[in-house]
Amino acid sequence: MMRRLASLKFAAVLCAFFAIAACSSNDKSGDEVGNAEPAKPGSERDFIVNVGDRIFFPTDITTLSDAAKETLRRQAAWLKLYPSVKIQIEGHADERGTREYNIGLSARRGSTTKAFLVSQGIEPGRISTIAYGKERPVALCDAESCWSQNRRAVTLITSGAAS
Amino acid sequence: MRWSVSISSLIHVALLASAVVVLPDPEEFEVTTSEAVPVEIISEEEVPKPVPPEKPPEEAKKPEPPKLEPPKPEPKQEVAALPPKPEPEPTPKPDPVEEPPQEKPVEEKPPEPKPEAKPETPDPLKKLIESHKLPQKKPKAPKRPKEKPPERFDDTINALLNKLPDETSAPLPDVTEETEPTDTPRTAAVSQSGTQLEREQIAEIVRAKMSQCWNPPAALKDAHNLKVTFNLAFDRSGGFARAPQSETAVSDSITRAAVESARRALMRCAPYPLPEETYDVWKDMVLNFRPITMF
Amino acid sequence: MSAYMKTVSSKLATLAAVAVCAVALLLAGTPRSLALIEIDITQGNVEPMPIAVADFIGSSEKDRQFGQDIAGVINGNLQRSGLFRPLGRDAHIEKISSFDAAPRFGDWRIIKAQALVTGRIALQSDGRLKAEFRLWDVFAQTQLTGFQFFTTPRNWRRIGHLISDAVYQRLTGEKGYFDSRVVFIEETGPKDQRVKRLAMMDQDGANLRRLTNGDHLVLTPRFNPKSQQITYMSYAGRKPRVYLYNIETGQREIVGDFQGMTFAPRFSPDGRQVIMSWQRDGDGNANIYTMDLRSRKIRRLTNTPAIDTGPSYSPDGKQIVFESDRGGSQQIYVMNSDGSGQQRISFGKGRYSTPVWSPRGDMIAFTKLLSRRFLIGVMRRDGSGERILTEGYHNEGPTWSPNGRVLLFFRESRGERGGPKLWSVDLTGYNEQEVETSNFASDPAWSPLMN
C-alpha cells in the first residue's frame with residue numbers, strides 16, 4: 001500500500017510491455033499472459049504478472065533505478081516464498097551500441113541485478129546469468145520508446161515453479 | 001536372385017533410414033568444401049623484357065614445357081607470393097613512418113574536359129596570371145588535421161567527415177592550380193638560358209600535360225619522400241629525341257610503379273606543344289615527379 | 001640490320017655522353033648555365049587508370065568460356081578497387097589472337113588503355129586448367145609481368161583473383177587483396193527472431209558457404225592468420241563462449257574451460273593464441289585474457305572494474321589495442337602484449353569502439369559513436385591523425401583488407417524490416433560500395449591472402 005504509486009507506474013510499464021511481448025512467440029511468458037485465468041501462486045505466470053519479471057535501464061547505465069530496485073525486492077520476496085525456484089537473469093542492451101561492448105554492458109546489467117537479489121537474501125547458487133547484448137530486442141522501432149524497452153534485465157524461472 | 005536383390009535393397013533402405021534417425025543433424029558441418037588451394041605457379045616466367053614495338057615475345061613460351069612437368073615442385077605457397085619482385089614482405093612494413101595520413105585524396109577528378117584544350121592554348125601568360133591568383137587553393141591539409149583531436153571536433157558530424165571534399169580540396173582542378181608556388185621554385189631559381197618568363201611558360205605547359213596524363217599509383221599517398229626523376233631530351237617538334245630515362249634507382253615495388261607510371265605519362269602526353277622559338281631552353285629537361293601534394 | 005643497330009647504339013652512346021655531361025655539370029654545382037630546365041611535377045590525374053582485359057584466348061569453346069569468365073572476374077576486381085577503370089570489351093579494337101605475340105599497342109592507345117592484360121586458357125589432358133597471362137604497358141610497349149598457373153577447373157575464380165593481384169601489385173606497387181575471403185554472420189528472419197549463421201565467401205561475394213545451421217546465435221567470427229581456422233562466439237546450449245572452427249574439417253571446439261562468458265575473440269598474429277574478453281562468474285565486468293591454444297595456458301591482461309573488450313593485436317604481436325569504459329565512456333586503449341603500459345589513445349568527442357589494427361601496422365580502424373550517429377574511422381597507432389571514412393545511422397565493425405588499403409564494415413538500415421549489409425570503403429574514404437549478399441550480413445572479417 002505504501003508504494004502504491006510506484007506500483008501503478010510499474011504496472012503501466014508492464015502492461016505496455018506485455019502488449020508487445022505478446023506478439024513475440026518465442027517468449028514463453030508472452031504466451032501465458034493472454035490467458036485470462038488468475039495466475040496460480042508459485043507459477044511462472046504468477047511471477048510475471050504479480051511480481052514483474054523485468055527491470056529497465058537508461059542508456060549506457062548499469063546501475064539500478066529506484067523502480068528497478070522495487071521490482072527486485074518483490075522478486076526477492078517471491079523467491080523466498082518458493083525456495084525451490086531457480087532463475088536465470090538475462091541482461092540485454094539496445095541496438096544503439098556496438099556488438100561486443102553491448103555484450104559486456106548487458107552482462108554488467110545482469111550481474112548488478114544478481115548482486116541486488118543476493119543482497120536481498122537470495123542464495124547466489126539459485127541465480128545464473130546470461131548476457132545477450134543487442135541480440136534479442138523485444139521492441140523494434142527506431143526510437144527511444146523501443147530502445148528503452150530493450151535495455152533490460154529479465155528474470156527467467158528455469159526450474160522449481162508450480163505449473 | 002530377385003530375393004537377394006530385394007533383401008539387399010531392404011537392408012540398404014533400413015540402413016539409410018536408421019542413419020537418418022540415428023545421426024543427429026549434420027549440425028554445423030555440411031557445407032565445408034575442401035579447402036585445397038591447388039593453384040600452382042608454374043613459371044614465374046617473368047618476361048619483363050622490354051618488348052620493343054611489335055615484336056613477339058615468344059621467349060615466354062619456352063619456359064613452359066619444362067615447367068609443365070614439375071608442377072608440384074613449386075610450393076603452393078609461392079602462388080600468392082608470385083609478385084614479381086623479390087623484395088621483402090611489403091605488408092609488415094615496419095611502417096611507423098607516421099606520416100600524416102595525407103588527407104583526402106583531392107581526387108574527385110575534375111571535370112577534365114577543360115585540360116584537354118589548355119595545353120594547346122598558346123597564351124601561357126594568361127594562365128600564369130590565373131595561376132598566381134588562386135595559388136592558395138592548394139589542397140593543403142583539410143580541416144581535420146592530424147594533430148590532437150580535442151579542439152578540432154565541432155559537433156557537426158559533417159565537419160568530421162574528412163573524406164568529403166571540402167572547398168579547399170575541390171577547387172576546379174584547373175591546369176593552373178598546380179603552380180605549386182609553395183614548392184621550391186626550381187624553375188625560377190637557377191640561372192640559365194631563357195628568361196624567367198620563358199621558363200615559366202615551359203613549366204606550365206609540361207605541368208598541364210602531366211596533370212592530365214599522369215595516373216600516379218595510389219600507394220604514393222604513403223610514399224611522401226618519393227621523388228622520381230627523368231632526364232628528357234626533346235626534338236624540335238616537342239617529341240622525345242630519345243625514350244625517357246629515369247635516373248631513380250628502383251629499390252622497391254612502389255618506386256618501380258611510380259617510375260613506370262611517370263614514364264607512361266610522359267609517353268602518353270607526347271608530343272608537347274612547346275614554343276619552338278625557345279627550343280634551346282627546353283630541349284633538355286629534368287622532370288621530378290613528386291606526389292607530395294597530390295592526395 | 002646490324003648497321004642499323006650500330007647507328008642506334010652509337011646514337012645512344014652520344015646521348016648517354018651528353019646526359020653524363022649534363023649530370024656532371026649539375027653535380028659540379030656550378031651555376032647551371034647549361035640550358036637545362038628542371039621542373040617539379042606534383043600534380044597528376046587521380047582518376048582510375050584505364051585498363052583493358054582482353055578475353056583470354058583458348059583453342060576450344062570450353063577454354064574460351066573459362067577465359068571469358070576469368071577476364072570477367074579480373075574486370076570486376078579491378079573495377080571495385082576504385083583504382084582502375086576496365087574498358088568494356090565492346091570498346092576493344094584488336095581482337096587478341098595470339099598469346100605469344102605482342103599486341104598492337106596502337107589499337108589499345110586509341111581506346112586510352114594504359115595497360116593491357118592478355119591471357120590464354122588451356123584445359124590439360126590431366127584435367128587441370130592452365131592459365132597464362134601477360135600484363136602490358138601500352139605506352140612503353142613492354143610486358144610488365146606474366147605468369148602461368150595450373151589448377152583444378154573448379155578453382156577458376158581463384159585464377160582470376162591471382163591475376164588481379166599480380167596486376168594490382170605491378171601497377172600500384174602494393175600487394176593486392178583479391179585472393180582472399182570474408183567470414184561474416186548471415187542474418188535471416190525478422191528482427192526479433194533473427195537467425196544467425198556463420199558464413200564465408202570470396203572477397204567479391206562469390207562462393208558463399210554457410211558454416212553453421214542457425215540453431216545457435218553466433219557472432220563475431222575472425223580468421224586465424226596462419227591456418228584454416230575461425231574463432232567466433234556462439235550461444236550454443238545457452239552458454240556464450242568463444243569457439244574455434246576448422247574450415248577444412250568442419251570441427252568445432254570450445255576455447256578453454258572458462259566459468260562464465262567469453263566473447264570478442266581474435267587470434268594473435270602467429271595464430272597460436274586467442275585473445276578475448278572473459279566475464280567471470282561473480283565478476284562484475286569483462287576483462288581481457290589470452291589463451292595459448294597449445295599449452296592452454298590462460299593469461300590475464302587487464303584488471304579493471306570496467307568493460308574491457310574488443311582486443312586486436314598489432315601485426316608484430318607486440319601490442320594490443322582494445323576498448324574500455326574505465327574512464328567513464330568507451331575509448332580506445334593500447335597496451336603491450338603482456339598487459340603492461342595501458343594507455344588511452346582516443347581523445348575525440350564521442351565514444352570509440354571496435355578498434356582493429358591495420359595489417360600494415362600504422363593505423364587503427366574503429367567505430368565511433370557521435371551525436372547518435374555511427375562512424376567508421378582510422379587513426380594512427382598513437383591516436384593522432386583521426387580521419388572519418390564514412391558516417392550514418394549505424395555503421396559498425398571495420399575489418400582490413402590484407403593489404404591495408406580497404407575496409408569492410410556493416411551498415412544497418414532503419415526500420416523493423418531493416419538489417420545489416422556489408423560495405424567497403426577505401427582508406428582514403430572514397431569508393432564506398434555495398435558488397436552484395438543475398439541476405440543480411442554483419443560482423444565481417446577479412447582473411448589474409450590465401451596463399
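Colleague: How many nonpolar, polar and charged residues are in the lining of the largest cavity?
Modeller: Bearing in mind that this is a predicted model, the lining of the largest cavity has 12 charged residues, next to 4 nonpolar and 2 polar ones.

Colleague: And which residues lie nearest its centre?
Modeller: Of the 18 residues that line the largest cavity, A:E95, A:K134, C:K191, C:R194 and C:E412 lie nearest its centre, and the space inside comes to about 260 Å³.

Colleague: What lines the second largest cavity?
Modeller: Its lining is made up of 18 residues, with C:R222, C:R266, C:G397, C:D443 and C:P444 nearest the centre, and by class the lining splits into 7 nonpolar, 5 polar and 6 charged residues.

Colleague: Which element gives the most to that lining?
Modeller: Strand 27 of chain C does, with 4 residues, while the elements that each supply at least two residues include helix 5 (99-119) of chain A and strand 31 (440-446) of chain C.

Colleague: Switching to aromatics, how many pairs are there over all chains?
Modeller: The whole-structure search gives 24 aromatic pairs; one of them joins A:W78 and A:Y82, a tilted pair with 4.7 Å centre to centre and 50 degrees between the planes.

Colleague: Are those two buried or partly exposed?
Modeller: A:W78 has 5% relative accessibility and therefore counts as buried, whereas A:Y82, at 23%, counts as partly exposed.

Colleague: Why is the pair of B:F240 and B:Y272 edge-to-face?
Modeller: Their planes stand at 65 degrees, with the ring centres 5.8 Å apart, so the pair is edge-to-face, because planes over 60 degrees apart count as such.

Colleague: Where do the two sit in chain B?
Modeller: They link distant parts of the chain, 32 residues apart: B:F240 is in the loop between strand 2 (228-233) and strand 3 (245-246), and B:Y272 is in the loop between helix 9 (253-269) and helix 10 (279-282).

Colleague: Last topic, which charged end sits over the ring of C:F99?
Modeller: That is C:R134, at 4.4 Å from the ring centre, and elsewhere C:R326 lies over the face of C:Y333, at 4.8 Å from the centre of the ring.

Note on methods. Residues are numbered from 1 along each chain as its sequence is written. Chains are lettered from A and ligands numbered from 1 in the order in which they are written. This is a predicted model: local features need pLDDT of at least 70, side-chain atom pairs count only at pLDDT 80 or more; totals for chains, interfaces and linings use all residues. Side-chain values use heavy atoms; hydrogens and water are left out. Rings of Phe, Tyr and Trp (its six-membered ring) pair if their centres lie within 6.5 Å; planes under 30 degrees apart count as stacked, over 60 as edge-to-face and the rest as tilted. Buried means under 20% relative accessible area, exposed over 50%, partly exposed in between (1.4 Å probe, protein chains only). A charge sits over a ring if NZ of Lys or CZ of Arg is within 6 Å of the ring centre and within 35 degrees of the ring normal. On a 1 Å grid over the protein atoms alone, a cavity is a set of points where a 1.4 Å probe fits but cannot get out, and a pocket is an open set with protein on both sides within 12 Å along at least five of seven lines; lining residues have an atom within 4 Å of a point. Grid points are joined across faces, edges and corners, and a volume is the space filled by probe spheres set on the points. Ala, Val, Leu, Ile, Met, Phe, Trp, Tyr, Cys and Pro count as nonpolar, Asp, Glu, Lys and Arg as charged, and the others, Gly among them, as polar.
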